[in-house]
Amino acid sequence: MAGFLTLGAPALAADPGYYLVTAYDNQGQWNIDYRYWTVKNTGSNEVVWPEIGLGYGLTSRWYTEVYASFIGSSNFATRRSSFN
């Protein structure tokens, strides 16, 4: 049934670097988070999304992070995409 419902859905465009992280106990801990996403469609240049962030566990269930996301490819230099 789910496959049938997706046939009529429009195509959506989103950065590939979005994901869900489950809660884990890291209260009082700092961390550095580095992610590197890449997408290459047939016949086009590879697109890359490096991200780096600084996070802190406020409580056992509340985590906060500040990170910068960049975008680039083999045809143009990497530039900042967002700061969150």
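Entry 1: I noted the cut-offs: buried means under 20% relative accessible area, exposed over 50%, and partly exposed in between, with a 1.4 Å probe and protein chains only. The model is predicted, so I recorded that local features need pLDDT of at least 70 and side-chain atom pairs count only at pLDDT 80 or more, while totals for chains, interfaces and linings use all residues. Residues are numbered from 1 along each chain as its sequence is written, and side-chain values use heavy atoms, with hydrogens and water left out.

**Entry 2: the partners of Arg 35.** Which residue does the side chain of Asp 33 meet in a salt bridge? I found Arg 35, at 2.6 Å from N to O. A salt bridge is a side-chain nitrogen of Lys or Arg within 4 Å of a carboxyl oxygen of Asp or Glu. Side chains of opposite charge can pair when their charged atoms come close. Arg 35 is buried as well, with a relative accessible area of 11%.

I then traced a salt bridge between Glu 51 and Arg 35, at 2.8 Å from N to O. This pair links distant parts of the chain, since Glu 51 lies in strand 2 and Arg 35 in strand 1, 16 residues apart. Both Glu 51 and Arg 35 are buried. Arg 35 also forms a salt bridge with Glu 65, where the closest N and O atoms are 3.9 Å apart. Here Arg 35 in strand 1 and Glu 65 in strand 3 are 30 residues apart. I counted 3 salt bridges by this rule, and Asp 33, Arg 35, Glu 51 and Glu 65 are linked in a network.

Entry 3: I recorded 4 strands in an open sheet, in the order 1-2-3-4, with antiparallel pairing. Strand 1 (30-39) and strand 4 (79-83) stand at the edges, each with a single partner strand, so one side of each has no neighbour in the sheet. Strands (E, at least two residues) are DSSP runs, numbered from the N terminus, and two strands pair if DSSP finds at least two bridges between them. Strand 2 (residues 47-57) and strand 3 (residues 63-73) are joined by 9 bridges. Gly 57 stands opposite Tyr 63 in strand 3.

**Entry 4: an exposed residue.** I looked up Ile 32, which is found in strand 1. Ile 32 is exposed, with a relative accessible area of 69%.
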